[in-house]
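The sequence and structure come next.

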Amino acid sequence: MDDRVELGLELLAHLEHAELSLPDAVDRIETVTSDPAVTREILETAERRGIIERDGDTVVPTSGDYLSFEGDVVSKEGEFTCQRCGAGITTGYFIEFDAGEHGPFGSSCIRKVTGRESD
């Protein structure tokens, strides 16, 4: 299976949203891939594996397996471009998943991607 799919599945499994709209879920997935076929595969596989439930345009994460910002998110200093918004950043936040490292994100985007903060 494509590494992007596994990374997308782990991201969906760790969202801290009670529910989110399909476009908001796709926004999170687009930090992993901009390929519509891979995005669709991530959503379909996540639903098939019970990681999410879909009700029309609503996505409900089911795992309740949230990230620990102390253990699962690391910060690195350097010159980075935020994976979500494209801004230039000097402190990048990376999520450590079993499938690999995901990021970098800026300080507000890391909270939005994980569901700690809404848009």
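Which residues in helix 1 meet which residues in helix 3? Arg4, Val5, Gly8, Leu9 and Leu12 in helix 1 touch Val38, Glu41, Ile42, Leu43, Thr45 and Ala46 in helix 3, where contact means heavy atoms within 4.5 Å. Of the residues in this contact, seven are nonpolar, two polar and two charged (Ala, Val, Leu, Ile, Met, Phe, Trp, Tyr, Cys and Pro count as nonpolar, Asp, Glu, Lys and Arg as charged, and the others, Gly among them, as polar).

This is a predicted model, in which local features need pLDDT of at least 70 and side-chain atom pairs count only at pLDDT 80 or more, while totals for chains, interfaces and linings use all residues. Residues are numbered from 1 along each chain as its sequence is written, and side-chain values use heavy atoms, without hydrogens and water.

Helix 1 (residues 3-13) and helix 3 (residues 36-48) have axes that come within 9 Å and cross at roughly 50 degrees. Helix 1 is therefore oblique to helix 3 (under 35 degrees is roughly parallel, over 145 roughly antiparallel, 65 to 115 roughly perpendicular, and the rest oblique).

Zero disulfides are found in the whole structure, a disulfide being a pair of cysteine sulfur atoms within 2.5 Å. The closest cysteine sulfur to that of Cys82 is in Cys109, 3.7 Å away, which is too far for a bond. Both residues count as buried (under 20% relative accessible area; exposed is over 50%, partly exposed in between, with a 1.4 Å probe and protein chains only).

| Cysteine | Relative accessibility |
|---|---|
| Cys82 | 4% |
| Cys109 | 5% |

Technical notes:
Axes are lines fitted to C-alpha atoms, for helices over the stretch in contact, and angles run from 0 to 180 degrees between N-to-C directions. Helices (H or I, at least four residues) and strands (E, at least two) are DSSP runs, numbered from the N terminus.
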